[in-house]
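I opened this notebook to keep track of what I looked up, one topic at a time.

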Amino acid sequence: MVTSFSGIRFFFKEFAENLRRNPFVGLTHGLQVIISLMVLGFFIMLMVFIGAFLFSLRNMVEVYAFLQTDLPAERYVEIDKMLRDMPNVKELQYISREDALKKFSESYHISVEDILEYNPLPPTYILRPIDVTKIESLASQLEDIDGMWQVRYGRKEVTSLMKVLVGVQIVFALTMILLLSATFSSINNIIRMSVYSRRREIRIMQLVGATNWFIRWPFIIEGAFFGVIGALAAVLIIYLIGEAVYSLLATLQIFLPTLVDVKVMFGLLALGMVVAGLLIGVVSSLTASNRFLSTEMRRIEEMRNLEVV
Amino acid sequence: MIKFVDVHLAYSASTPALRGIDLHIQKQDFVFLVGSTGGGKSSLLRCVYREIVPQSGKVFVFKKDLTKMPLREIPFLRRRIGVIFQDFLLLPQKTVYGNVSYALEVRGAPMKVLRQRVPEVLEWVGLSRKLKSYPDELSGGEQQRVCIARALVNKPDILLADEPTGNLDPETSIGIVEILQRVNVRGTTLIVATHDENIVNQFRTRTVRLEHGKITSDRHEGGY
Ligand SMILES: Nc1ncnc2c1ncn2[C@@H]1O[C@H](COP(=O)(O)OP(=O)(O)O)[C@@H](O)[C@H]1O
Ligand SMILES: [Mg+2]
């Protein structure tokens, strides 16, 4: 494969030649790559926002079960066992009276015991249902338990909103696949044109004994170049639009809830998109050049299978 | 060095190109392949650098059976075989120097070898003063010499020439074959396919005649 420095120099020289030779093809298809990747980036951001929103809604589909404070110790043990054996419970968290008090004091910066001289908070269980649509029946089951003081849970609207949002996520995911394949075929077209316009060189290379890998490398570099440059341009555009939207919202005195760390998310997005661009570029240029290189072999195979009289 | 054993080849069921070729070419031979157009000369040469594989029979080159050679070994076979054509197959956007160094570059030769070997071989074909010219600034004979230089820069053991003088006037043609002959004298096996009587009569070497895919004569002191 790659053997020497002069080999690598050669690949880049040939790659530069490809760019020089097909500037128009490069430009139009390059724009397609940028646009696809840009829309893709926006979709990913939206998906992350919706994902974070869904996560924050999750609390609203928790069922809070508060026990009475004056039960005999055995009853607490019985109830604990009962709750742990319940079906349709994905997660169960127990908060003791002491923990509840500590949390309460911490979050409100007051010492309750100093004021009341006793702990008014009940032992609490937080349950997450497996199936959020059956949250009501779970709640009524809990209410029937002897020794239960109060049961609270999220509203029904929340669960239907969640369902809608999950649906939206699925639609987005499908659109992303479409956009990825659009990017793939744009780069694939660039390389196919490039390979085609260099068929003379390729023929000469084959005649003087270049290996197929040697022939492929300049095209792989070209594909990777378009993938990465496309991704970087898309990231830049997303950044600029994002900045503009944020400052517009700020002047309008609208502040979005901080669901995610935007800087971290953007960084990850940029990295992910560059990596995706690189991979798509490499894979699609490999497919394009293989397609061309294999025609000769196919021709020989067809001839081999011929019956001669 | 090259051996054909009962080679049959057809491009399609109705167009046979080689019909039972038996041929043995020794190291350092200089062989003319003659015969009318469509006789099978180009097809025979293509079998030698394994651009095509015959449907039956065997082709041995460097003691290897090319009909059984795996694809990945083909580049290494071709590095030992130089090929030149009637239509020179030069790259118009590269200089004379660039066209020749290309043949070394694509097999990953180091820069040092390139800088030494390319001027050397171009001097040998008499093009030292045209290194920076582009193919369209050269005469036909000069272009063909660039092709010879490109084929020779890899120091091949075999040189195949398919109608090397097809596009050239008679005088230039003689000059080209003289260069090829010098290559042969230095130890390279040489096969020249041509239907140019003049040349064949001038050089008087082994001459194999192909008509309709069959060898009709094989004479050592040749002549058309
Ligand atoms: N690439 C090709 N596809 C189909 N038929 C071909 C091809 N090349 C040659 N032939 C046929 O094979 C026969 C031999 O051709 P060729 O080897 O080119 O002869 P020559 O070089 O002596 O003129 C001819 O009948 C020709 O039409
Ligand atoms: Mg021919």
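I am working with a predicted model, in which local features need pLDDT of at least 70 and side-chain atom pairs count only at pLDDT 80 or more, while totals for chains, interfaces and linings use all residues. Residues are numbered from 1 along each chain as its sequence is written, chains are lettered from A in the order in which they are written, and side-chain values use heavy atoms without hydrogens and water.

**Domains.** I looked up how chain B is divided and found domain 1 (1-80 + 156-224) and domain 2 (91-155), with bounds that come from an automatic or database domain assignment. The C-alpha centres of these two domains of chain B lie 24 Å apart.

**Their interface.** I noted that 13 residues of domain 1 of chain B are in contact with twelve residues of domain 2 of chain B (heavy atoms within 4.5 Å). Arg79(B), Pro156(B) and Ile179(B) supply 43% of the area that domain 1 buries against domain 2, more than any other three residues (buried area is the accessible area, with a 1.4 Å probe, that two parts lose on being put together, summed over both). Between these domains I found zero salt bridges (a side-chain nitrogen of Lys or Arg within 4 Å of a carboxyl oxygen of Asp or Glu).

**Cysteines.** My search of the whole structure gave zero disulfides over all chains (pairs of cysteine sulfur atoms within 2.5 Å). Cys47(B) counts as buried because its relative accessibility is 2%, and Cys147(B) counts as buried at 1% (buried means under 20% relative accessible area, with a 1.4 Å probe and protein chains only).

Definitions and conventions:
Buried means under 20% relative accessible area, exposed over 50%, partly exposed in between (1.4 Å probe, protein chains only).
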